2 protein chains.
Amino acid sequence: MQASPRFLVIGGVAAGASAAARARRLSESAVITLIERGPDVSFANCGLPYYIGGEIKLRDALAVQTPQTLKALLALAVRTSTEAVAIDRPGQRVQLRNLAAGTEEWLPYDKLLLAPGAVPLRPPLPGIDDPRIFTLRSLPDMDRIKAAAFTARHVTVIGAGFIGLEMAEQFIHLSKQVTLVELLDQVLPPLDKPMTALLEDELRKRGVELLLGDGIAGFDGTTGLRCRLASGRGFDTDLVVLAIGVRPDTALARAAGLELGARGHIKVNSFMQTNDPCIYAAGDAIETEDLVTGDTVSVALGGPANRQGRLVADHIYRPDLAKPWPGLLGTAIVRAFDVAAGLTGWTEKRLRAAGRAFRTVTVNDNHHAGYYPGAKPLLLKLLWDPANGRVLGAQATGLAGVDKRLDVISTAIAGALTIDDLAQLELAYAPPFGAAKDIVNLAGFAAGNTRDGLVTPIDALPDDPTVQVLDVRPPGLVQSHPIPRHGVINIPLGALRGRLGELDRSRPVATVCALGKTAYFAARILAQNGFQVSALTGGIRAHFDPRSPAKLPTP
Amino acid sequence: MQASPRFLVIGGVAAGASAAARARRLSESAVITLIERGPDVSFANCGLPYYIGGEIKLRDALAVQTPQTLKALLALAVRTSTEAVAIDRPGQRVQLRNLAAGTEEWLPYDKLLLAPGAVPLRPPLPGIDDPRIFTLRSLPDMDRIKAAAFTARHVTVIGAGFIGLEMAEQFIHLSKQVTLVELLDQVLPPLDKPMTALLEDELRKRGVELLLGDGIAGFDGTTGLRCRLASGRGFDTDLVVLAIGVRPDTALARAAGLELGARGHIKVNSFMQTNDPCIYAAGDAIETEDLVTGDTVSVALGGPANRQGRLVADHIYRPDLAKPWPGLLGTAIVRAFDVAAGLTGWTEKRLRAAGRAFRTVTVNDNHHAGYYPGAKPLLLKLLWDPANGRVLGAQATGLAGVDKRLDVISTAIAGALTIDDLAQLELAYAPPFGAAKDIVNLAGFAAGNTRDGLVTPIDALPDDPTVQVLDVRPPGLVQSHPIPRHGVINIPLGALRGRLGELDRSRPVATVCALGKTAYFAARILAQNGFQVSALTGGIRAHFDPRSPAKLPTP
């Protein structure tokens, strides 16, 4: 693109830095300028909680690049602490303000990328301006929280999403008393609630006080710092981190007349161009299409931001070779202590809210062969389109192997694979790494069994008292870990064929077991013996007790 | 299938046990009989080495099922220590011999599954019948090796494939002196040689004596046990494990006139039917199609065997709902001490041997974000079809995350994804689990850059003395870890734009760095400045030193 070498990038972190770096690889002659309001460029913003908690020891580790390295390696002009205050679209120039000197100037561009990111929400609550109430976006934010944490005894995290959970864990590592407040009645709101039970259990176990189903109503900083919740509850704290979400930082784009979406995100085409073809946008500030459905979506995640930035440079400097953005899945993961949880694609709650048809199964297994030492439990929920079997989404939680299964299913969705394809995936198996039938295969099997009418999975035990609830676990397990419900019949699977007479053939049966598999086996026996039967998918572990054992301990 | 309820299964391990179990889920009325020559059914044969080495402590852990549990849970008739000696196809019956009693009888079938597995090769070498020379297939084999290892001081493993490597590791755990002999000049022969360097280094480091490029010629057991190699070399040992491969155990099928492939495997259609539609075959004894190319292939792996067995039952009992076998990728992985290595799909050596067009890149990265503690190095080689960009195969080796990347790429191949799709995969990222640009994305980027002509990757430094070899690492690293070659020019990337005058524009340049990325960056600068340039893919780490550092240690 010899005609348009002046590439101006507003925002120097994930999308912006990626775009500038890729632009330089594609054109040695381009004049590339990177503008960043903050003092740092290209820092590892996903690492900020881990530095606060001391897992990452060296602050410099977070500086992926500095203005100096970007200049040396990429011949970029970098201006930090510089704010873009206006865009003159007809004149193709941006007004910049040096935040230190207060000086202003206009910089011309041939192509402009807006990568302003998103700002943590800070609602106008009473007392919100107390200096002990923090949000986390930048290295200076991180430094302030780390400094404040030094003397704090009690810390409050508002919002149990990805960042809230990471912060709660890190404050526990710093030996703080931690209260985590979440408006919804579950942690990790993007997930379906049953998939968060293990995470919730882990947080409580590690000493995090969870206040779910309650929102922050205000703060009182007159003596100490007091949090007031919507329920009327109040408590004293020393430090508050607000992690209730972000909004796109798009005032500049709005003022320039660029087209925004309903929630203020910049609208772009599949090459990240705004309605002004000379102006691109990428990263947390944009909205784009869902990979599966084409719905308009936005996510604030580093991976997509990096790849969108790269695509912008491709489209500017090698337009014929640029590949359109495929859309977003929103794959995300979080670790809280020993538990990992995450999702890819659609959840049941999103599918329900959108009124879309879906079917779902939940399966338990170990992250690798159970006979090999160190096997850790893993729970996987799969959602698919009943019209064609195509995988719509998945959620996983467990003590190991969560990331791998999310990545496999994310890739499967990208390939438009079906539940039958999942059943046949040929995944790497040696005892330390997997199983001959991986949990992803098992989910495909279970989904196929559901689709083919071999079993009717249920997501909860029915309230209807005419339904016979049949627990098919061994009696010892039934006694040590009972189902919290009256009138449950216990016939272990191995005895079921011989004891069918104990069940009433005129009434439906719901089978239940520890993990869901044995209940399916029992349902097959009953269905073929004329019973109307359903099986609890995911078993007791998915619905009543996330650490419920699969077997009695060997004595 | 009410008309054909008698299902006879020959072989009670992976494919056979899976078929019988699935058959029972589909039909309570079927008469299902499982015949097994050995004393055990449904045991974890992939776990045998780990029990020998003591990682798996309890022998019972390997018994996934027993004849008793199969009877109780699945109402199967199980006959162990029973050999199928003949098939009367017109009469639809199998002659069985009870190996304990010596009695024989005929058992009728409506449908028959042959799941005989594969037998370890035991070539007719001098001295091969020495009782100190073992192969490993069954629990009794395992017990014999474990017992013999108890008194052995020196152990020899012949064959550095998957099982050979596992055995070598386990014998080291037992504090044996271990010699590993391999005919090829690399360990893990299915992989391309450069991908095995780290594994080889790890084995030597842990004390395994590696004799590569040498074959076993015979044994002399007159005084002690002496191994004689093809090279003439000889050494004394106390115990030999032969792990040089397997052959399909298909004498019964051959005698019955079933169609066999060129290497003795049973031919089946995509529902696992042999040329006799009442007789199915599954598992290690069959040949099937390659998922990518449709070539005839066979693999002896537990995952495919299990799923093939399940498919057989589906086709017998619910033929309308059975989904055809999609084909094989041969995804496999092995761990040797701290290193994992594996493959999915096609390798370069297989592609070359088949005369197929391909392109390839090799990329290095960490298994998760480098700024988060514990990041471990990972090497990934990607192969794709230049005609359409479709992924053909991948190999990975490293200290962590190998299984995940193989699984992602296996899934990508199942979805017929291209290198551009890999670049855009949305994989789970939080610092403990991944990176904003995962190594799979990086491989997609690198492949796209190659395809689009941004870089000319080379797999080895050219011998041509007119080529200027340019090392773009920092001088400290060049000094501490030099490239084993004369006349290498060193200009670090950050200084390259200012020092282009030091290079001869009339001569080609080959750039090289630690990991391959910086060499690509340098190649972009040089190409745009008029140089004819290529870049060593995978860097020094992939070609000269598998543990070569990416950076100088921080002082």
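Author: Start with pairing: two strands pair if DSSP finds at least two bridges between them. Strands (E, at least two residues) and helices (H or I, at least four) are DSSP runs, numbered from the N terminus. This is a predicted model, in which local features need pLDDT of at least 70 and side-chain atom pairs count only at pLDDT 80 or more, while totals for chains, interfaces and linings use all residues. Residues are numbered from 1 along each chain as its sequence is written, and chains are lettered from A and ligands numbered from 1 in the order in which they are written.

Now the strand. S23 of chain A covers residues 339-345. Seven of its seven residues are buried, so S23(A) is largely enclosed by the rest of the structure. Buried here means 20 or more other C-beta atoms within 10 Å of a residue's own; 12 or fewer is exposed, in between is partly exposed, and the C-beta atoms are placed from the backbone.

S23(A) has two partners to look at. One is S22(A), residues 332-336, joined to S23(A) by five bridges in an antiparallel run. Ala336(A) has Val339(A) in S23(A) as its bridge partner. Two residues lie between the strands of this hairpin, and Phe337(A) takes a positive phi near 60°. The other partner is S26(A), residues 391-398. Six bridges link it to S23(A), again antiparallel. There, Ala341(A) stands opposite Thr397(A). As a rule, strands of a sheet pair through backbone hydrogen bonds, either parallel or antiparallel.

Chain A also holds an open sheet of three strands, ordered S18-S20-S21, with mixed pairing. S18 (266-267) and S21 (296-297) are its edge strands, each pairing on one side only. S20(A), residues 286-289, pairs with S21(A) in the antiparallel sense over two bridges. Glu289(A) faces Thr296(A) across that pair.

Next, a helix. H1(A) has 13 residues, 14-26. Its expected span is 1.5 Å times one less than its number of residues. That gives 18 Å, and the end C-alpha atoms are 18 Å apart, which agrees. H1(A) is mostly covered, with 13 of its 13 residues buried.

Step back to the chain. Chain A has domain 1 (6-118 + 247-317), domain 2 (133-244), domain 3 (338-451) and domain 4 (457-543). The bounds come from an automatic or database domain assignment. Over C-alpha atoms, the centres of domain 1 and domain 4 of chain A are 56 Å apart.

Then the partner chain. Residues are in contact if their C-beta atoms, placed from the backbone, lie within 7 Å. On that basis, 70 residues of chain B touch 70 residues of chain A. Elements that each supply at least two residues on the chain B side include strand S22 (332-336) and helix H10 (402-414). H10(B) gives the most, with nine residues. By class, that side has 40 nonpolar, 14 polar and 16 charged residues. Ala, Val, Leu, Ile, Met, Phe, Trp, Tyr, Cys and Pro count as nonpolar, Asp, Glu, Lys and Arg as charged, and the others, Gly among them, as polar.

The same surface serves both copies, since 100% of the contact residues of chain B recur in chain A.

Terms used: Contact = placed C-beta atoms within 7 Å.
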